[in-house]
Structure formats: C-alpha cells, structure tokens
Amino acid sequence: MVSVTLAPSGAVVEANEGETLLSVILKAIPGFNHKCDGKAQCGSCHISVLEGRKGVTKTTKEENSKLDELVGVGSKSRLACQSSILGTENVKVEILSFV
Ligand code: FES
C-alpha cells in the first residue's frame with residue numbers, strides 16, 4: 001500500500017497496487033470528472049503526476065493519443081483512468097479540472 005497526495009488540497013489517500021489513479025482520486029473527490037468512465041476517450045480525467053512517476057504504470061499508446069488532443073498537456077500529464085499504481089513508491093498528483 002502506498003500514499004497518493006492530491007494537490008492542491010493536500011488530501012492523502014491510501015492506494016493498492018493495480019488500482020487506477022482515477023479510483024484513488026474518486027475516494028477523496030467523488031465529483032472528479034471521468035466522463036467516459038475510464039475508457040481513455042474523453043480526456044476529462046487529465047491530471048499531472050508531480051512526484052512518484054515511476055510508481056505508476058507507463059503511458060500507453062491509447063493514452064498518448066488522447067493526451068495529444070488535449071489543451072494544456074505537459075510532460076507530467078496523465079489520464080488518471082489509464083495510470084495504475086505499481087505500489088513501489090508514493091505518488092503526488094495535481095488535480096487540473098474544476099469539480
Ligand atoms: S475517464 Fe475518460 S479519459 Fe479518463
């Protein structure tokens with residue numbers, strides 16, 4: 001089990017190996033946007049992984065394709081629904097959407 005810190009609120013959520021960041025974020029922010037329900041089609045779950053990037057799965061081709069279509073994407077951008085916890089280190093993410 002690792003900890004995921006959510007910025008800017010500073011909330012800390014416990015996460016298990018294999019759990020998606022979307023699932024982790026929803027524990028603390030039930031209204032977090034995830035319009036396509038985790039299918040990498042909407043881009044509404046766009047976040048930044050600020051720390052512990054090696055503690056989540058690598059970006060897939062499908063995820064990269066969707067990120068390419070979004071505005072405001074940076075080197076730390078991920079889709080929360082496509083990023084799973086590896087359980088090797090704690091992670092800090094920035095919530096970019098307004099909820
Ligand atoms: S919930 Fe739609 S891309 Fe993640």
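Two strands pair if DSSP finds at least two bridges between them. Keep that in mind for what follows.

First, the ground rules. Residues are numbered from 1 along each chain as its sequence is written. The model is predicted, so local features need pLDDT of at least 70 and side-chain atom pairs count only at pLDDT 80 or more, while totals for chains, interfaces and linings use all residues.

Now the overall layout. The chain has two helices and five strands. Helices here are DSSP runs of H or I with at least four residues, strands are runs of E with at least two, and both are numbered from the N terminus. Read from that end, the order is β-β-α-β-α-β-β. The radius of gyration, taken over C-alpha atoms, is 12 Å, close to the 13 Å of the globule rule for 99 residues, so the chain is as compact as a globular protein of that length. That rule is 2.2 Å times the number of residues to the power 0.38. The C-alpha trace spans about 30 × 25 × 20 Å along its principal axes.

Next, strand 3, residues 46-51. What does strand 3 pair with over four bridges? Strand 5, in the antiparallel sense. Within that pairing, Val49 has Val93 as its bridge partner. Strand 3 also runs antiparallel to strand 4, residues 77-79, with three bridges joining them. There, His46 is bridged to Leu79.

His46 brings us to Leu96. Leu96 sits in the segment after strand 5, which covers 91-95. In sequence, Leu96 and His46 are 50 residues apart; in space, their C-alpha atoms are 6.8 Å apart. Leaving out residues up to four places away in sequence, Leu96 touches His46, Ile47 and Ser48. Contact means that two C-beta atoms, placed from the backbone, lie within 7 Å.

Of the 99 residues in the chain, 29% are buried.

Last, helix 1, residues 21-28. Leu21, Leu22, Val24 and Ile25 are buried there.

Terms used:
Buried ≥ 20, exposed ≤ 12 C-beta atoms within 10 Å, placed from the backbone.
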